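I opened the notebook to look at how the parts of this model meet.

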Protein chains: 2
Amino acid sequence: MPVPLYQAKAEFFRTLGHPVRIRVLELLQEGPRPVRDLLADLDVEASSLSQQLAVLRRAGLVGATREGNTVVYALSTPDVAELLRAARRILTEMITDQGGLLAELRGSGARAGSRTAPV
Amino acid sequence: MPVPLYQAKAEFFRTLGHPVRIRVLELLQEGPRPVRDLLADLDVEASSLSQQLAVLRRAGLVGATREGNTVVYALSTPDVAELLRAARRILTEMITDQGGLLAELRGSGARAGSRTAPV
DNA sequence: TCCGAATGTGCACAAGTCTTCAACTTCCGG
DNA sequence: CCGGAAGTTGAAGACTTGTGCACATTCGGA
């Protein structure tokens with residue numbers, strides 16, 4: 001194993017760890033889109049978007065096709081969309097959970113949660 | 001919405017974007033474990049592990065309980081384990097895919113893949 | 001052919017992340 | 001009550017990333 005799996009995983013997550021990249025991926029969930037279009041929705045500089053698109057491309061998460069004057073991007077596999085859905089679900093669950101969790105955490109100081117079965 | 005959702009998501013993924021943190025989470029999938037134990041498996045300095053555990057704690061992904069002389073960590077919700085499984089599945093799919101994908105990518109230069117339905 | 005729009009790239013600088021080291025706290029056994 | 005083991009924390013320095021800018025490239029149309 002040249003690159004340990006857990007390191008590949010960490011890199012993969014780091015690739016997702018940028019607001020613009022997340023938004024691009026979410027926009028692409030609905031189908032391929034030209035850069036111009038993404039640019040309109042995202043409110044970042046063109047070159048900045050290009051940089052982030054390059055990161056996603058290198059990571060193999062998206063692919064680009066030139067169509068005449070413009071370049072169209074698309075998710076390279078639907079799995080990406082699936083992962084994003086999983087993340088969204090989990091994240092919102094965690095956030096809503098925190099209503100109850102926070103109380104518990106504050107109440108007991110550093111002796112936090114262990115909500116998983118105690119063996 | 002104080003923090004836009006896509007930014008929260010990016011932060012969440014960045015939290016996962018570190019080899020030690022990934023490994024800790026994976027070890028904790030099997031149940032709560034004392035720091036000493038993690039330390040034995042991970043081959044990093046104690047203080048370094050502690051730093052990463054602190055990151056995970058702040059992110060709300062794990063919780064710690066002091067038990068006498070030692071501190072025991074546990075996932076704060078089983079959802080985390082679920083996300084890791086999803087990520088592993090997707091990552092391995094992407095890696096195996098790349099056998100075929102790579103050929104396609106190299107063959108057609110920058111005009112890469114759009115494997116999602118063309119609208 | 002020449003111009004301008006649409007993108008990508010290289011660079012320098014600001015900002016954030018990791019690792020290491022030393023000091024501190026808590027608990028247990030003697 | 002003291003010494004040591006288990007963890008945690010804060011700070012400094014090395015390193016990695018993100019951003020904005022100027023410039024190169026590629027097309028399509030006048």
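**Entry 1: cut-off.** I count a residue as near a strand if one of its heavy atoms lies within 4 Å of it. I keep in mind that the model is predicted.

**Entry 2: DNA strand D.** I first asked which part of DNA strand D faces the protein. Of its atoms within 4 Å of the protein, 68% belong to sugar or phosphate, and the rest belong to bases. I then listed the neighbours. DNA strand D is surrounded by 20 residues. The closest are E45(A), S47(A), S50(B), Q51(B) and Y73(B).

I looked up individual atom pairs next. In E45(A), a side-chain N or O atom is 3.1 Å from a phosphate oxygen of DNA strand D.

By class, I read three nonpolar, eleven polar and six charged residues near DNA strand D.

**Entry 3: DNA strand C.** I repeated the search here. Of the atoms of DNA strand C within 4 Å of the protein, 73% belong to sugar or phosphate. I found 18 residues around DNA strand C. R36(A), S50(A), T70(A), Y73(A) and R21(B) come nearest.

The pairs I checked involve phosphate oxygens of DNA strand C. One lies 2.9 Å from a polar side-chain atom of Y73(A). R36(A) uses a polar backbone atom, 3.0 Å from a phosphate oxygen. For Q52(B), a polar side-chain atom lies 3.5 Å from a phosphate oxygen.

Helix 3 (35-42), helix 4 and strand 3 (70-75) of chain A each supply at least two residues to this surface, as does helix 4 of chain B. Which element gives the most? Helix 4 of chain B does, with four residues. The surface near DNA strand C divides into three nonpolar, eleven polar and four charged residues.

**Entry 4: helix 2 against helix 4 in chain B.** I followed helix 4 of chain B into its own chain. Helix 2 (residues 19-29) of chain B packs against helix 4 of chain B at about 70°, with the axes 10 Å apart. The two helices are therefore roughly perpendicular. From helix 2, I noted V20(B), R21(B), V24(B) and L25(B). They meet L49(B), Q52(B), L53(B), V55(B) and L56(B) of helix 4. This contact has seven nonpolar, one polar and one charged residues.

**Entry 5: chain B against chain A.** Chain B gives 49 residues to the contact and chain A gives 48. How much area is buried between the chains? I read about 4500 Å², with carbon and sulfur atoms giving 67% of it. Y6(B), K9(B) and F13(B) supply 14% of the area that chain B buries against chain A, more than any other three residues.

How values were computed: Residues are numbered from 1 along each chain as its sequence is written. Chains are lettered from A and ligands numbered from 1 in the order in which they are written. This is a predicted model: local features need pLDDT of at least 70, side-chain atom pairs count only at pLDDT 80 or more; totals for chains, interfaces and linings use all residues. Side-chain values use heavy atoms; hydrogens and water are left out. A polar contact is a pair of N or O atoms within 3.5 Å; within protein, one must be able to donate a hydrogen and the other to accept it, and residues adjacent in sequence count only if both atoms are side-chain atoms. Ala, Val, Leu, Ile, Met, Phe, Trp, Tyr, Cys and Pro count as nonpolar, Asp, Glu, Lys and Arg as charged, and the others, Gly among them, as polar. Axes are lines fitted to C-alpha atoms, for helices over the stretch in contact, and angles run from 0 to 180 degrees between N-to-C directions. Angles under 35 degrees count as roughly parallel, over 145 as roughly antiparallel, 65 to 115 as roughly perpendicular and the rest as oblique. Contact means heavy atoms within 4.5 Å. Buried area is the accessible area (1.4 Å probe) that two parts lose on being put together, summed over both.
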